[in-house]
Amino acid sequence: WLGLALARAHRGGLVQAGPALGEIAGRLRSGWTDHSGGGIWWRTGVDFKNVPANGPAAILLARLSDMDIPGAGERSDRQRARSTVDWIEDNLLDAESGLVWDGLHVNDDGNIRDVEKTVYSYCQGVFVGACVELAQRDGKGSGWAVRAVRTIDAVAQRVTVPDGPAGDLVIRGQGGGDGGLFGGILARYLALAATALPGIDP
C-alpha cells in the first residue's frame, strides 16, 4: 500500500521516491515463496497468504515494470504480477460466485491447511485492479480484461444493493472503521476499471 501511494506521488512529481520504491519492490520480490504454489505472506512470521497482500503487490509490480526508476522496476516484475494474479485465481477464486476469498493458511511443508472463505470488498477491488493493470499492458487476447469483468459482474450481483428510484447499484454498507475503508478500496478500483476497460480489446 505504501508503494502504491509513493508511486502515484512520484509519477505526479510530488516526491522523488525512487530509492524507497526500489526498497519496497525488493521486499516484494524476495517475499515470494513456493509455499501453496506461490504468493507472498500477509506479513513476516505468519502462515497466512492472502489477497489483501498479493493484490496490491501485483498492482505495484505491474506499474513499476514500465516506470523508469533504477532498482524499482524490472522487466521480470510484470511476469511476477501475472503469476500473482494467477496464484489468486488458482487458490482463492470461488467458482460458484465469481468472487475471491480472503486467504489461506499454509503448513511448513508448503501444503494448504485451511482456506479463509470470508468475502471482503477490498479483496475484489485489488483483484480487479491487478487485472486491469495487466490488461492495459498485455493488450488484446491476454484475458486479463475478461477476468476483471467477471469479477465486476460478481460484485454487482453479490456485493451491492439497489438504491434510489432508478435502482442504481451501490456498494453494500461496510460499517465504520476498516470496513468503510474496504468499500473505498473497492470503489477506487471499480472506477479504474470503468475508465480503463472500455479502451481495452479483450
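Contact is taken here to mean heavy atoms within 4.5 Å. The structure is a predicted model, in which local features need pLDDT of at least 70 and side-chain atom pairs count only at pLDDT 80 or more, whereas totals for chains, interfaces and linings use all residues. Residues are numbered from 1 along each chain as its sequence is written, and side-chain values use heavy atoms, with hydrogens and water left out.

By this rule, and not counting residues up to four places away in sequence, arginine 78 touches Leu61, Ser65, Asp66, Leu134, Arg137 and Asp138. Arginine 78 belongs to helix α4, residues 75-92, where helices (H or I, at least four residues) and strands (E, at least two) are DSSP runs numbered from the N terminus. The side chains of arginine 78 and serine 65 are also joined by a polar contact of 3.2 Å; a polar contact is a pair of N or O atoms within 3.5 Å, of which, within protein, one must be able to donate a hydrogen and the other to accept it, and residues adjacent in sequence count only if both atoms are side-chain atoms.

Helix α4 lies across β1, β2 and β3 and runs at about 85 degrees to β2, with axes being lines fitted to C-alpha atoms, for helices over the stretch in contact, and angles running from 0 to 180 degrees between N-to-C directions. These three strands form an open sheet in the order β1-β2-β3 with antiparallel pairing, two strands being paired if DSSP finds at least two bridges between them. The edge strands are β1 (48-50) and β3 (112-116), each of which pairs on one side only. Strand β2 (residues 103-106) is joined to β3 by four bridges, and histidine 105 stands opposite aspartate 114 in β3.

A further antiparallel pair consists of strand β4 (residues 160-163) and strand β5 (residues 168-171), joined by four bridges, and threonine 160 has isoleucine 171 in β5 as its bridge partner. The hairpin of β4 and β5 has four residues between the strands, and glycine 164 in this hairpin takes a positive phi near 80 degrees.

Grid points are joined across faces, edges and corners, and a volume is the space filled by probe spheres set on the points. The largest pocket has a volume of about 520 Å³, and of the 19 residues that line this pocket, Arg27, Leu28, Ile40, Trp41 and Trp42 are the closest to its centre. The largest cavity has a volume of about 30 Å³ and is lined by Leu28, Trp32, Ile40, Asn54, Ala57, Leu61, Arg80 and Thr84. The elements giving two or more residues to the lining of this cavity are α3 and α4, and α3 provides the largest share, three residues.

How values were computed
1 Å grid on protein atoms, 1.4 Å probe; cavity = no way out; pocket = protein on both sides within 12 Å on 5 of 7 lines; lining within 4 Å.
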